[in-house]
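Have a look at the sequence and the structure, then read on.

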Amino acid sequence: MLKGQTTSLLSYREGLLGPLIKAASGETLSVQLQNNLTEKTNVHWHGLILAENMDGHPKDVYASGESFNYVLPIQQRAGTYWYHPHPHGTTAKQVFMGLAGMLIVTDEEETMLNLPSGESEIPIIIQDKRFVGTSLDYSPSADEIMTGYLCEQILVNGIFSPYASVAKGWQRLRLLNGSTARVYNLAFTDGIPFYVIGSDGGLLASPETASSIMLAPGERADVLVDFSALPLGKELYLVSNPFSEFNAQGRQGFKIMKFKIDRSTSDRFTLPTRLSSLQSIPISSASRTRMFDIATLVTGGMGGMGNMGRHSINGKTFDMERIDETVEAGTTEIWEFDNSMGDEIHPMHIHGVQFQVLERMGGRKKLIATEKGWKDTILLMPGEKVRLIMTFPDYTGTFVFHCHNLEHEDDGMMLNYKIV
Ligand code: C2O
Ligand code: CU
Ligand code: CU
């Protein structure tokens, strides 16, 4: 589409998307941010548990010309994490224009499993983009702030018409939805199932078979697929199928990426029955329950549709200086996000912690495969309510939680919580 043409974008080093960063649990990463943009930015390490000043809170932004050295002690499970800017009001634009990347953490427990690796381990960052002429275009209308900026051109790892030639065997796909607002209902053509092995916060206890996976902005799914029964030369697609008649984006389907089986392999892999030890946090250990209404729009709308309001949590929009919730380090709490009266899709994300999903009420009613492990982002379809349980770490300070529809986030659908 843009062959031989140039377009302007924002980038880490060069091109759309930053480098894939790999680290072993126990290591300390040091990443230098040098802001050569003409606007402020910072980096948030989505899914990592870090001290307040390293987390990329919207108050900790760096002006054009400034630099900051992120020192990131990786003290958590193997998993697929990611990084992106977090300046309030311009996060969506900066991510859309190219600033995002994947961060893979490995550990011994995972290495022991001998999961498909090398050419058989494929990072897949899915993003929808819009171009006007040859220019990448981020200009949401008031309506698009309500729905999210939904675009028709799907890129994987910053590439048009993405394609992978793969061996006739097992593949590991690390799926990340890096779109600002679009939700994908991922599946393979030809009835190839996913064996889900991990979610946002690393490995599940054991593989879960799924014919499709809903993946909201910010979420990750670590899956295995077995192509060994397919003939050489076979082409198949990772697609996103329509998922709801009642929602404009839910009616759309896309081809996401083509796979071509072009060689045989001598690799022999058998799916392990156990992946990891995963302890459920006992409900009885929770010291309190907090409830968050995410369905209500508050006044002060962007115009366009007249009486349209702004996205909010508990009737509040983001205030950098206001502490909305205070929690104690080391304690366990239940947080409920309630979209039961809502008619929009909201993927809710909490910084500074990984949670477990206790239950989903309304809507789809049950948990999907990726929700049976550690999570930092949870999808709420219209009419749904979820209960999450989490134990806060010992890093005291102010962190945010917000809708990861980045248009909603920039619109103010974000609050501060403080760990004391
Ligand atoms: Cu991936 Cu606060 O965000
Ligand atoms: Cu995050
Ligand atoms: Cu939202």
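Along the chain, the donors of the copper ion (ligand 3) follow the spacing H-x56-C-x4-H. H346 sits in strand 25 and C403 in strand 29 (residues 397-403), so this pair ties together parts that are 57 residues apart in sequence. Bear in mind as you look around that this is a predicted model. The atoms doing the holding are ND1 of H346, SG of C403 and ND1 of H408, at 2.0 to 2.1 Å from the copper ion (ligand 3). Are H346 and C403 buried or exposed? Both are buried.

Now for the other copper ion, ligand 2. Its protein donors are H44 and H349, each through NE2, lying 1.8 Å from the ion. H44 belongs to strand 3 (residues 44-46) and H349 to strand 25 (residues 346-350), so here the pair ties together parts that are 305 residues apart in sequence. H44 is buried, and H349 is too.

Strand 25 has come up at both sites, so to speak, and its partners deserve a look. In general, the strands of a sheet pair through backbone hydrogen bonds, either parallel or antiparallel. Strand 25 pairs with strand 27 (residues 377-380) in the antiparallel sense, over 4 bridges. Strand 25 also pairs with strand 29 in the antiparallel sense, this time over 3 bridges. One residue shows up in both pairings: M348 stands opposite I378 in strand 27, and M348 also stands opposite C403 in strand 29.

Strand 29 carries on the chain of partners by pairing with strand 30 (residues 414-419), antiparallel again and over 6 bridges. There, H402 stands opposite M414 of strand 30. How many of the residues of strand 29 are buried? The strand is mostly covered, with 7 of its 7 residues buried.

Leaving out residues up to four places away in sequence, D376 touches H46, G47, D200, R220, M348, H349, I350, V353, Q354 and F355.

One has 4 strands in the order 1-6-5-3, with mixed pairing. Its edge strands are strand 1 (21-24) and strand 3, each of which pairs on one side only. From one strand to the next, the twist averages 25 degrees. The other open sheet has 5 strands in the order 11-19-18-13-16, and its pairing is mixed as well. Here the edges are strand 11 (163-167) and strand 16 (213-215), each pairing on one side only. The twist in this sheet averages 30 degrees from one strand to the next.

| Strands | Sense | Bridges | Residues standing opposite |
|---|---|---|---|
| Strand 1 and strand 6 (residues 101-106) | parallel | 4 bridges | K22 and I104 |
| Strand 11 and strand 19 (residues 254-263) | parallel | 5 bridges | V166 and I261 |

Finally, the inside. In soluble globular proteins, nonpolar side chains tend to be buried together. The largest nonpolar core in this model has 41 residues, and W45, L48, Y70, L72 and L103 touch the most other members. Which elements give two or more residues to this core? They are strand 1, strand 2 (28-34), strand 4 (67-73), strand 5 (79-84), helix 1 (91-96) and strand 6. Strand 6 gives the most, with 4 residues.

Technical notes
Residues are numbered from 1 along each chain as its sequence is written. Chains are lettered from A and ligands numbered from 1 in the order in which they are written. This is a predicted model: local features need pLDDT of at least 70, side-chain atom pairs count only at pLDDT 80 or more; totals for chains, interfaces and linings use all residues. Side-chain values use heavy atoms; hydrogens and water are left out. Donors are N, O and S atoms within 2.8 Å of the metal (3.2 Å for Na, K and Ca); water is not among the atoms, so sites may look incomplete. Buried means under 20% relative accessible area, exposed over 50%, partly exposed in between (1.4 Å probe, protein chains only). Two strands pair if DSSP finds at least two bridges between them. Axes are lines fitted to C-alpha atoms, for helices over the stretch in contact, and angles run from 0 to 180 degrees between N-to-C directions. Contact means heavy atoms within 4.5 Å. A nonpolar core is a set of buried Ala, Val, Leu, Ile, Met, Phe, Trp, Tyr and Cys residues joined through side-chain atoms within 4.5 Å.
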